[in-house]
Amino acid sequence: MNALFIGYGRMGSAIGEAWISANLVSSITAIDPHLQTSTQVSVFASMEDVPETPFDIIVVAVKPAYACEVLAALPDTLCRGAVVISVAAGVTKLNLEQALGKRAPVVRAMPNTPVLVSKGCTGLYADEALNEEKIALVTRLFSAVGMACWVEREELLNAVTAISGSGPAYYHLFSEALASAGIALGLKPEIANALAAQTALGAASLQTQPRAEFAALRAAVTSPNGTTAAAISVFEQDRALRALVDAATEAAHRRSQELSLES
């Protein structure tokens with residue numbers, strides 16, 4: 001299976017290299033004027049330089065403002081028989097299809113930055129134009145960089161964006177705050193940072209175990225009248241933490257909707 005990447009920056013190359021490592025693709029061609037020569041991919045500076053042979057998968061990994069422009073310029077010979085996957089945030093499937101001229105089925109993908117270490121989450125959407133075989137193929141591809149899940153309505157990608165797309169930044173912010181609190185309590189910065197990061201890693205590993213329940217995991221750490229209970233009571237006072245999370249994700253969701261309307 002041959003894949004074409006239009007744009008091969010951090011996100012595109014992370015996905016492409018994972019596909020190569022998992023033997024999911026036989027070759028990758030990348031169009032990126034800023035990319036140096038690579039031993040793993042065939043690199044071209046522009047669309048006009050790419051040999052006119054069909055591709056099975058075409059990944060649009062450019063900045064959202066350029067996604068429709070590059071699809072409109074895609075030659076028929078390159079996209080004939082391909083599935084086009086867009087990771088351009090906020091660009092609607094309708095706009096992508098109109099730019100492409102409906103010459104190939106389009107999938108919208110919303111990966112997050114942990115795909116860089118193959119621990120990502122990717123929300124996927126396609127309509128009935130994509131058959132079960134192609135759905136299974138796209139699922140396999142994005143499972144190679146973490147977890148892949150399909151949503152039944154395109155607007156739900158805005159919710160995916162608010163939870164997992166932007167979510168890594170929320171966890172980074174909490175870790176930043178936790179490390180700062182450790183420093184305030186007298187720990188050296190390198191120790192406080194390491195404790196916060198390793199604690200996040202350990203907690204996430206427990207959360208992703210089969211049949212794990214977040215509330216049960218929390219309760220298992222929270223002995224009555226203990227140190228954890230004292231901290232949790234502050235977080236839960238007047239639903240303070242939960243209210244902040246609700247407000248933050250609602251703001252991210254609203255902005256994602258706005259970006260979709262602007263595309």
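This is a predicted model: local features need pLDDT of at least 70, side-chain atom pairs count only at pLDDT 80 or more; totals for chains, interfaces and linings use all residues.
Student: What span should helix α11 have, and how far apart are its end C-alpha atoms?

Tutor: Helix α11 covers residues 240-262, and at 1.5 Å a residue its 23 residues should span 33 Å; because the end C-alpha atoms lie 33 Å apart, the two values agree.

Student: How are aromatic pairs described, and how many does the structure hold?

Tutor: The description of a pair of aromatic rings rests on the distance of the centres and the angle of the planes. The structure holds four aromatic pairs. For Phe5 and Tyr8, the ring centres are 5.2 Å apart and the planes stand at 80 degrees, so this pair is edge-to-face. Phe5 also pairs with Trp19, and here the arrangement is tilted, with 5.5 Å from centre to centre and 55 degrees between the planes. Since Phe5 belongs to strand β1 (residues 2-6) and Trp19 to helix α1, this pair ties together parts that are 14 residues apart in sequence.

Student: Are Phe5 and Trp19 buried or exposed?

Tutor: Both Phe5 and Trp19 are buried, and Tyr8 is buried as well, with a relative accessible area of 6%. Ring pairs join Phe5, Tyr8, Trp19 and Phe142 into a cluster.

Student: What volume does the second largest pocket have, and which residues are the closest to its centre?

Tutor: The second largest pocket has a volume of about 800 Å³. Its lining is made of 39 residues, of which Gly7, Ala61, Val62, Lys63 and Pro64 are the closest to the centre. At least two lining residues come from each of α1 (10-21), α2 (64-72), β6 (106-111), α6 and α11, and by class the lining has 20 nonpolar, twelve polar and seven charged residues.

Student: Where is Lys102 placed, and what is its phi?

Tutor: Most residues other than glycine have a negative phi. Lys102, although not a glycine, has a positive phi of about 55 degrees; this residue sits in the loop between α4 (93-100) and β6. Arg211 also has a positive phi, near 65 degrees, and is found in the loop between α8 (189-207) and α9 (214-221). Lys102 is exposed, with a relative accessible area of 66%, and Arg211 is exposed with 79%.

Technical notes: Residues are numbered from 1 along each chain as its sequence is written. Side-chain values use heavy atoms; hydrogens and water are left out. Helices (H or I, at least four residues) and strands (E, at least two) are DSSP runs, numbered from the N terminus. The expected span of a helix is 1.5 Å times one less than its number of residues. On a 1 Å grid over the protein atoms alone, a cavity is a set of points where a 1.4 Å probe fits but cannot get out, and a pocket is an open set with protein on both sides within 12 Å along at least five of seven lines; lining residues have an atom within 4 Å of a point. Grid points are joined across faces, edges and corners, and a volume is the space filled by probe spheres set on the points. Ala, Val, Leu, Ile, Met, Phe, Trp, Tyr, Cys and Pro count as nonpolar, Asp, Glu, Lys and Arg as charged, and the others, Gly among them, as polar. Rings of Phe, Tyr and Trp (its six-membered ring) pair if their centres lie within 6.5 Å; planes under 30 degrees apart count as stacked, over 60 as edge-to-face and the rest as tilted. Buried means under 20% relative accessible area, exposed over 50%, partly exposed in between (1.4 Å probe, protein chains only).
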